[in-house]
Amino acid sequence: MLYEVIPTKVFRQDTGILTYSSDTPLKPGQIVLIPLGRSTCPGIVLRKSQDRSPSFQVKSIGKILYDAPIPTWLLSAINWLSQYYLTSLPQVASLALPKGIEKSRRNTPKDAQTSPTQQNTSSKQ
């Protein structure tokens with residue numbers, strides 16, 4: 001299936017939506033990792049593409065970062081802000097998502113999360 005995706009990185013001034021393929025069904029608003037040039041960046045799925053057989057090469061979506069989509073009102077707000085302020089969709093989408101969303105965080109055990117001052121007070125007792 002083909003999907004229209006808003007990248008969170010500005011790649012050209014005249015384009016804001018790119019077409020990607022995915023074997024997994026996606027919902028509008030899902031955050032995915034997409035190839036863009038020689039690197040990858042997060043993107044927001046906008047909708048299914050109406051074009052069934054495009055005349056250009058289509059890359060596939062790297063991976064789904066989050067299963068839960070962003071709310072539809074936020075997706076509408078991104079589109080509205082882009083039109084109202086005459087700004088590209090990637091610029092507005094990059095503001096809507098937190099930095100480093102594509103990075104995975106390590107989980108640490110609860111007792112390893114104590115601060116050095118808490119460790120010093122507990123050792124004095």
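Guide: The side chains of Glu4 and Arg47 form a salt bridge, with 2.7 Å from N to O. The term stands for a side-chain nitrogen of Lys or Arg within 4 Å of a carboxyl oxygen of Asp or Glu, and by this rule the count is one. Side chains of opposite charge can pair when their charged atoms come close. Glu4 belongs to strand β1 (residues 2–7) and Arg47 to strand β4, so the pair ties together parts that lie 43 residues apart in sequence. Glu4 has 16% relative accessibility and counts as buried, while Arg47, at 40%, counts as partly exposed. Buried means under 20% relative accessible area, exposed over 50%, and partly exposed in between, with a 1.4 Å probe and protein chains only.

This is a predicted model, in which local features need pLDDT of at least 70 and side-chain atom pairs count only at pLDDT 80 or more, while totals for chains, interfaces and linings use all residues. Residues are numbered from 1 along each chain as its sequence is written, and side-chain values use heavy atoms, with hydrogens and water left out. The chain's average pLDDT (the predictor's confidence in each residue, from 0 to 100) is 85, and 82% of the residues score at least 70. Confidence is highest in α1, at 95, and lowest in helix α3 (residues 116–124), at a mean of 51.

The chain has three helices and six strands, in the order β-β-β-β-β-β-α-α-α from the N terminus. Helices (H or I, at least four residues) and strands (E, at least two) are DSSP runs, numbered from the N terminus.

Leaving aside neighbours within four places in sequence, Ile78 is in contact (heavy atoms within 4.5 Å) with Ile44, Ile70, Leu89, Val92, Ala93 and Ala96.
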